[in-house]
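Please find below a short note on the structure shown here. The points are numbered so that each may be checked against the displayed coordinates.

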Amino acid sequence: ASGGAEAGAAGQRGDEPRPVPPLEDWAAAVKCTLCQRWRPCGEAEAPKLTALEAGFQCPLIGFSCMQSQGYTEEEIDALF
């Protein structure tokens, strides 16, 4: 099974975090248990990420907790 571009981004281990995509490209979102920011992910990926024992954390899919969320809570809520 191929995860496409998301799988490649999730596996990156460089110094630069994965860029936050445009809001209209978000299929689903998960909230980091460390920084409390919402991060975009695939629809199938979301339940798996939120079910983790320690909860979802930004680095699991290539984001950084130091990175801006990019959009307001209201903008994200309106999408979903």
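1. A salt bridge is a side-chain nitrogen of Lys or Arg within 4 Å of a carboxyl oxygen of Asp or Glu. This definition is needed for the discussion of Arg39 in the next point. It should be kept in mind that the model is predicted.

2. Arg39 belongs to strand β2, which covers residues 38-41. The residue is buried, yet no salt bridge is found for it. Glu73 is the nearest side chain of opposite charge, and it is 10 Å away. A salt bridge requires a separation within 4 Å. The side chain of Arg39 does, however, reach the backbone oxygen of Gln67 at 2.9 Å.

3. Gln69 lies in the loop between α2 (45-50) and α3. Why is Gln69 classed as buried? Its relative accessible area is 10%, and buried means under 20%.

4. The side chain of Gln69 has polar contacts with two backbone atoms. One of its polar atoms lies 2.7 Å from the backbone nitrogen of Trp38. A polar atom of this side chain also lies 2.8 Å from the backbone oxygen of Tyr71.

5. On the surface, Glu73, Glu74, Glu75 and Asp77 gather in a patch of negative charge. Asp77 is placed in helix α3, residues 73-79. Is Asp77 buried or exposed? Asp77 counts as exposed because its relative accessibility is 52%, and exposed means over 50%.

Conventions: Residues numbered from 1 in each chain as written. Predicted model: local features only at pLDDT ≥ 70, side-chain atom pairs only at ≥ 80, totals over all residues. Heavy atoms only, no water. Patch = residues over 30% accessible without salt bridge, like charges linked within 9 Å, V, L, I, M, F, W, Y side chains within 5 Å. Areas by Shrake-Rupley, 256 points an atom, 1.4 Å probe, with all protein chains shown as cover. Lys, Arg positive; Asp, Glu negative; His and termini not counted. Charge placed at Lys NZ, Arg CZ, Asp CG, Glu CD. Helix = DSSP H or I, 4+ residues; strand = E, 2+ residues; numbered from the N terminus. Buried < 20%, exposed > 50% of the residue type's maximum accessible area, 1.4 Å probe, protein only. Polar contact = N/O pair within 3.5 Å; in protein donor to acceptor, adjacent residues only side chain to side chain.
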